[in-house]
Amino acid sequence: MASGNKPENLGPSVSTQEALEFHAAGRPGKLEINPTKPMATQRDLSLAYSPGVAAPVLAIADDPSRAFDYTSRGNMVAVISNGTSILGLGNLGALASKPVMEGKAVLFKRFADVDSIDLEVDTENVDEFINCVRYLGPSFGGINLEDIKAPECFIIEQRLRELMDIPVFHDDQHGTAIIAAAGLINALEITGRDMKTTRLVCNGAGSAGIACIELAKAMGFSPENIILCDTKGVVYQGRTEGMNQWKSAHAVKTEKRTLAEAMDGADVFFGVSAKGALTSAMVRSMAKNPIIFAMANPDPEITPEEVADIRTDAIMATGRSDYPNQVNNVLGFPYIFRGALDVRATTINDEMKIAAAQALAALARQDVPDDVAAAYRGSRPKFGPNYIIPVPFDPRLIAAVPLAVAKAAMDSGVAQRPILDLGKYANELSARRDPIASTLQRIYDRVRRHPKRVVFAEGEEEQVMRAAVSYANQELGTAILVGRDEIIKENARNAGIDINKPGIEIINARLSRRNAIYADYLYERLQRKGFLFRDCQRLINTDRNHFAATMVALGDADAVVTGVTRNYSTVLEDVRRVIDARPGHSVIGVSIALCRGRTVIIADTAVHDMPDAVEIADIAEEVAGFARRMGYEPRVAMLAYSTFGHPAGERSERIQEAVKILDKRRVDFEYDGEMAADVALNPRIMQQYPFCRLSGPANVLVMPAYHSASISTKLLQELGGSTVIGPLLVGLNKPVQIVPLNAKDSDIVNMAVIAAYSADT
């Protein structure tokens, strides 16, 4: 795709403008480098650089393996490309591949806590590329090759594997093959087939197609039962047109010459080719209970809807997230490298690939835990035709796949540092997960399956309109913009925002046909609180928070997001006039903080100024329930400046009394207090208090007052580098979320989705 021919829309939920703004916002790109050691004092600098750095230098010179002990090499993967085959866009050059390679590096970190850096090599010469990469070997623990065209990618990977003593893995080849193999294992089980007798046709003889059939053969498929096809038809013995050594290795003796002929009676179809390559007639000709993996992106060789119109006995997988059974490489490469790095494997061999596929297949056969089921509101995924591959945000992946890969590396003799206690290793892997990001993704997936009508109360603001468009584009439901039609349309036109699309509605409060009903409802609530009917009518006509909240209160929408133009406390006061607390619940503000992969939920960060003992106990119960709904088992610490009575003080006594109240209530979660923050969060310090009831560091913190909560969360953001989501409003009878003043559109979308998610909980 030429740079002057940019698409207006990159897919069903992402526009060009949104993608560009995402990559340009704040610090451009998706990566930065942060030190892992303190750099605050002169002594720190002396240890980190001169003269202290001489000690590890000499140690590594004496024993090169010590580089894994004293440097980041053992957890560092290079993502390398020359840009000759970028996604589905073709040969756009090394520099154009950088956004993709940065994205790949981000996925390594996000899913498997593997540090990664992207390197774009500006040459299409195979020997130059190989020499560039091979001499970078001492810097990294592994090499992930990406977006290199065939057949050069085969030569490059093979040569580098021979020349280097660290894993070299071309994900475009093996990643797709491993995930497809996992799904195939389960599809064969469901249909009662044996690998040795199953007939497989693969359409697409590039890097992914070749890798798919090579892995299938390594797993036990009979070579004579696999037919490879390309744009010129069947790859058969004796064919000369369009052949190379990699295709020739899989040529079969057959009279079939076209894909249609090959598909007649086939059990399995693997497509890594192009939209429309598989026709309805071909699907009809397949064997009973056909297995169809149409993996072309963004559009599969045939859609599930098209197959469903032809036959009801097919099992389907695609490369898309909006269909069941997504063949997504992110299920593989982060975890495969995680396992390989942890045992210092010298290569990634077939045994490790097969182990990864088998681990993925086994995971899909297990009962789905609550935090995965949360993405499937109303129906828990269950092993069967529509669930043969785990979902990318399954938190069990981090423990299951690297463990299997590491064990296979040890069993096959390529591990240089065997792991003795695999059970302990599995626990260490689980601790690496990033719960906040996975929680948000599960919430998005869940709302997408059950779309909601969300009111964007400040519909005339540019960032609110952008958020509404994003909400609709992501197929999360209907975005309702409250405001004056002509102002919204003019502002949208000036900002270049297209609001004339399905999923976006505009409602002018003053002109709404429900206006009188809303005014009556509000007057009934406020008539004994000093409000005249005309006051209530004015609020409905002119105050969008009152109008939007009433829409939700009366069931005309599912949730509200607001706050861009007013202070939090002012908005909360508006909302509380319309919507009550949920019976038996307390309204509180909850923030979620993530710092270096560790998640802590903090309350109350928005509502109670100086809670008494009963209110503190109520807050603890409310936030513990919230933590469970978000997929965490709460360990609640009620914080103070003191720890278990020292030093004494009136404010600490309130915490002590709250603990006694919870004792009487016999709640079903861990809690203790009063304690200082370091005691709650540091297991070494907590051990000094053997009577502490918490089984481990707290993941829920109850603050003694609003001011301490607000100060703490903002310090975490500004000085600690934490990501903080919230405050989230919890405890209302209807879902409302209030964003910070002047919030970004991405923040508004997140809060809108959280509000929509709350509509069913």
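How much of the chain over residues 28–161 is helix and how much is strand, and how far apart are the end C-alpha atoms?

## The annotated N-terminal stretch

Over residues 28–161 the chain is 40% helix and 12% strand, and 34 Å separates the end C-alpha atoms. Helices (H or I, at least four residues) and strands (E, at least two) are DSSP runs, numbered from the N terminus. An unreviewed UniProt entry lists residues 28–161 as "domain: Malic enzyme N-terminal"; UniProt positions are given in the numbering used here, feature names are shortened, and annotations may be inferred rather than shown by experiment.

## Basis of the model

The model is predicted: local features need pLDDT of at least 70 and side-chain atom pairs count only at pLDDT 80 or more, while totals for chains, interfaces and linings use all residues. Residues are numbered from 1 along each chain as its sequence is written, and side-chain values use heavy atoms, with hydrogens and water left out.

## Packing of α8 and α15

Helix α8 (residues 171–191) packs against helix α15 (residues 350–365) at an angle of about 45 degrees, and their axes lie 8 Å apart. Axes are lines fitted to C-alpha atoms, for helices over the stretch in contact, and angles run from 0 to 180 degrees between N-to-C directions. The angle makes α8 oblique to α15; angles under 35 degrees count as roughly parallel, over 145 as roughly antiparallel, 65 to 115 as roughly perpendicular and the rest as oblique.

Residues of α8 in this contact (heavy atoms within 4.5 Å) include His174, Ile178, Ile185 and Glu189, and those of α15 include Lys353, Ala357, Leu360 and Arg365. By class, the contact of α8 with α15 has 10 nonpolar, three polar and three charged residues. Here Ala, Val, Leu, Ile, Met, Phe, Trp, Tyr, Cys and Pro count as nonpolar, Asp, Glu, Lys and Arg as charged, and the others, Gly among them, as polar.

## Asn91 in its loop

Asn91 lies in the loop between β1 (76–81) and α5 (98–112). Its relative accessible area of 37% makes Asn91 partly exposed (buried means under 20%, exposed over 50%, partly exposed in between, with a 1.4 Å probe and protein chains only). Leaving aside neighbours within four places in sequence, Asn91 contacts Gly83, Thr84, Ser85 and Glu124.

## Backbone features in loops

The loop between β3 and α7 holds Asp147, which has a positive phi of about 55 degrees although it is not a glycine. Asp147 is buried, at 3% relative accessibility. Pro151 is also found between β3 (142–145) and α7 (152–163), and a cis peptide bond with omega of about 5 degrees joins Ala150 and Pro151.

A cis peptide bond also runs from Ala603 to Asp604, with omega near -10 degrees.
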